[in-house]
Amino acid sequence: MTTRRHFLATFLAAAATPRLTWASVGSPSYIAAAKEGDDYALFGLTPEGAITFRVPLPARGHAGAGHPTQPIAVAFARRPGNYAIVIDCVSGSILQHLQAPEGNHFNGHGLYVDNGRILITTEQRSSDSAGRLGLWDVENGYSRLGELDTFGVGPHDVRLMPDLRTLVVANGGIQTDPGGRTPLNVGAMQPNLAYLTLDGVEEIVTLEADLHFNSIRHLAVRDDGLVAFAMQWQDDPSYLPPLMGLHRRGSEPILAQAPLSDEYPMQGYAGSIAFAPDGSEVAISSPKGGRLHRFDENGAFLGAVIQPDVCGLVAGTDGYLSSDGFGNIAAVRDGIATQIAQHLVNWDNHIIAL
């Protein structure tokens with residue numbers, strides 16, 4: 001029999017028990033997926049590139065989302081993917097297997113909003129790749145709340161704007177076959193940036209007609225609302241298109257291009273994008289080109305940084321932190337990449353800040 005005194009004692013003990021935080025797993029600043037031998041895992045990383053935790057993944061990961069306060073992360077499969085798993089980073093246990101609604105696939109990215117109460121996932125309808133944002137109620141066992149139309153095809157990345165109510169979505173524009181990654185509509189691609197709220201679409205930004213092959217893939221947002229986007233060219237690579245753009249709400253996008261001698265090695269492919277910590281510049285990575293390109297806040301080219309097979313890129317302590325397919329973590333400062341850690345893994349596409 002449970003007495004009132006026993007109930008109160010249990011309640012007070014539970015209330016006094018400290019909730020686990022990211023300090024419980026070494027206070028990582030970032031998470032990143034990697035291949036380790038024949039296995040896959042999600043790792044926590046410090047600003048110095050040290051690993052603070054490792055949890056296994058069922059297949060190749062792409063990106064992740066870290067809860068803002070609790071040591072919980074969601075790992076997303078490479079798009080279009082069938083898994084998004086919620087992981088307890090302390091125990092390594094899987095708390096939830098998220099299931100996209102029948103007829104949808106996950107698309108590689110997501111984020112927590114509303115102080116961690118809601119998880120947002122990028123998804124596409126399998127039949128025609130129409131874009132969706134999945135909404136999940138974190139405090140009620142990640143139950144599905146519903147979804148939003150992204151007003152585009154093949155959404156990949158999503159970020160929260162500084163107003164904490166608007167989402168910006170990278171609609172890549174590529175329709176793929178229902179079970180894989182084969183493009184079906186390259187000649188008719190229409191990528192866009194979509195600004196959305198729970199009430200609907202607020203602004204759609206498209207590229208000029210001769211750049212409709214430029215799939216908008218990844219995003220970075222500065223504190224003042226300036227959005228940077230990285231692109232991947234889907235047509236003849238000898239065209240040498242710009243691979244980075246900047247956009248401010250209500251204005252036309254600015255497309256940033258390197259000199260042709262620097263643009264050529266990129267092979268039409270930008271992998272990740274990040275603003276520097278002070279926001280004064282932005283960089284894109286290219287694993288195909290083995291380099292980073294740096295631009296100022298107005299889109300002027302600042303220079304290239306060589307790092308073979310580099311893709312992961314995020315703001316570091318006083319520059320950028322980058323990762324590559326050879327297991328290296330580098331600090332990029334003043335246009336120079338310096339290896340600060342090396343691990344026996346092959347880092348995947350992205351480093352995600354917590």
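Student: What should I know about the numbering and the confidence limits?

Tutor: Residues are numbered from 1 along each chain as its sequence is written, and side-chain values use heavy atoms, with hydrogens and water left out. The model is predicted, so to speak of local features needs pLDDT of at least 70, side-chain atom pairs count only at pLDDT 80 or more, and totals for chains, interfaces and linings use all residues.

Student: Start with β10. Buried or exposed?

Tutor: Buried, meaning under 20% relative accessible area; exposed is over 50% and partly exposed lies in between, with a 1.4 Å probe and protein chains only. Eight of the eight residues of β10 (130–137) are buried, so the strand is largely enclosed by the rest of the structure. Strands here are DSSP runs of E with at least two residues, helices are runs of H or I with at least four, and both are numbered from the N terminus.

Student: Which residues sit on which side?

Tutor: Ala130, Arg132, Gly134 and Trp136 are on one side of β10, and Gly131, Leu133, Leu135 and Asp137 are on the other.

Student: Which strands does β10 pair with?

Tutor: β9 (118–125) is antiparallel to β10 and joined to it by seven bridges; β11 (143–153) also pairs with β10 in the antiparallel sense, over seven bridges. Pairing requires that DSSP finds at least two bridges between the two strands. Thr121 stands opposite Gly134, and Asp137 stands opposite Ser143.

Student: What about the turns?

Tutor: The β9–β10 hairpin has four residues between its strands, and Ser129 in that turn has a positive phi of about 65 degrees.

Student: Different topic. What is the strand order in the open sheet of four?

Tutor: The order is β16-β17-β18-β19, with antiparallel pairing. β16 (214–221) and β19 (254–256) are at the edges with a single partner strand each, so one side of each has no neighbour in the sheet. Three bridges join β18 (244–247) to β19, and Gly245 has Leu255 as its bridge partner.

Student: Which residues have the most contacts inside the largest nonpolar core?

Tutor: Leu42, Phe53, Leu57 and Ile87, in a core of 17 residues. Such a core is a set of buried Ala, Val, Leu, Ile, Met, Phe, Trp, Tyr and Cys residues joined through side-chain atoms within 4.5 Å. β1, β3 (51–57), β5 (72–77) and β6 (84–88) each give two or more residues to this core.

Student: What does Leu57 touch?

Tutor: Leaving out residues up to four places away in sequence, Leu57 touches Ala33, Tyr40, Ala41, Leu42, Ala75, Tyr83, Ile85 and Ile87. Contact means heavy atoms within 4.5 Å.
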